[in-house]
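I opened this notebook to record what I looked up on a sheet and on the salt bridges. The entries follow the order in which I consulted the model.

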Amino acid sequence: MINTITIEFEPADVQQLLQHANSATEHLPCMGDQFVAKYYEGGKIITKNDWPDVSQIDLTRIPPALFLVNDSFLMSNGINPQEAVACVYKNGHVPSEQQNESDAFALGSEELPTVTRILARDFDGVETARKVRITFLHDPRKGPVVSLELVDDLRETPDIRIVNRRP
């Protein structure tokens, strides 16, 4: 059986997040970045106790992106000490006043949030989109496939991009 989840965001909200990510000079890394040599000073992975030392990642080398967290909200990976974390919730959901960004991470003590990074460049054309749709397809044989669709009334066929598999 193949499980599919589809969520939507307003393009204007996504554009604000992209602006936040693109204007930042430093960016939060994702889990896989600890294994990418070009993100470390000197282009070599720095280790500590035989494991990549994530504290040595040069945050200015991480590309601007949006993180989809727990299939609930999009978050800019831009680091700006003068601003709060920038995020928008799926399907127009507005969090309650008591809720904040950290609530999405308040899972069971042994669970980690599910985070999918979508590079800012994958959102090219969002300014003309009517909706931003993200679909997760989990095939037990092939693994997860995450696609980004910029829904535009002017196109007969939607612009769909696979964003979690890079050549």
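The entries below begin with the basis of the values and then turn to the sheet and the charged pairs.

**Entry 1. Basis**

I note that this is a predicted model, in which local features need pLDDT of at least 70 and side-chain atom pairs count only at pLDDT 80 or more, while totals for chains, interfaces and linings use all residues. Residues are numbered from 1 along each chain as its sequence is written, and side-chain values use heavy atoms, with hydrogens and water left out.

**Entry 2. The sheet**

I looked up the strand order and found an open sheet of four strands, β8-β6-β5-β9, with antiparallel pairing. Strands here are DSSP runs (E, at least two residues) and helices are runs of H or I with at least four residues, numbered from the N terminus. Two strands pair if DSSP finds at least two bridges between them. I recorded that β8 and β9 (115-119) stand at the edges with a single partner strand each, so one side of each has no neighbour in the sheet. From one strand to the next, the twist averages 20 degrees. For angles, axes are lines fitted to C-alpha atoms, for helices over the stretch in contact, and the values run from 0 to 180 degrees between N-to-C directions.

**Entry 3. Strand β6 and its partners**

I followed β6 (residues 73-76) in both directions. Strand β5 (residues 65-69) runs antiparallel to β6 and is joined to it by four bridges; Phe-67 has Met-75 as its bridge partner in β6. The two strands form a hairpin with three residues between them, and Asn-70 in the turn has a positive phi of about 50 degrees. Towards strand β8 (residues 87-89), also antiparallel to β6, I found three bridges. Leu-74 has Val-88 as its bridge partner in β8, and Met-75 stands opposite Cys-87.

Is β6 covered on one face or on both faces? I found both covered: Phe-73 and Met-75 are buried on one side, and Leu-74 and Ser-76 are buried on the other. Buried means under 20% relative accessible area, exposed means over 50%, and partly exposed lies in between (1.4 Å probe, protein chains only). In a regular strand, side chains alternate between the two faces of the sheet.

I also noted that helix α1 (residues 11-23) lies across β5, β6 and β8, at about 25 degrees to β6. Contact means heavy atoms within 4.5 Å.

**Entry 4. Salt bridges**

I counted as a salt bridge a side-chain nitrogen of Lys or Arg within 4 Å of a carboxyl oxygen of Asp or Glu. By this rule there are six salt bridges.

Glu-8 and Arg-133 form one, with the closest N and O atoms 2.8 Å apart. Glu-8 lies in strand β1 (residues 3-9) and Arg-133 in strand β10 (residues 131-139), so the pair ties together parts that are 125 residues apart in sequence. Glu-8 is partly exposed at 24% relative accessibility, and Arg-133 is partly exposed at 22%.

Arg-133 also forms a salt bridge with Glu-149, at 3.3 Å between the closest N and O atoms. Glu-149 belongs to strand β11 (residues 143-151), 16 residues apart from Arg-133, and is buried at 14%.

I found Arg-61 partly exposed at 33% and Glu-41 exposed at 55%.
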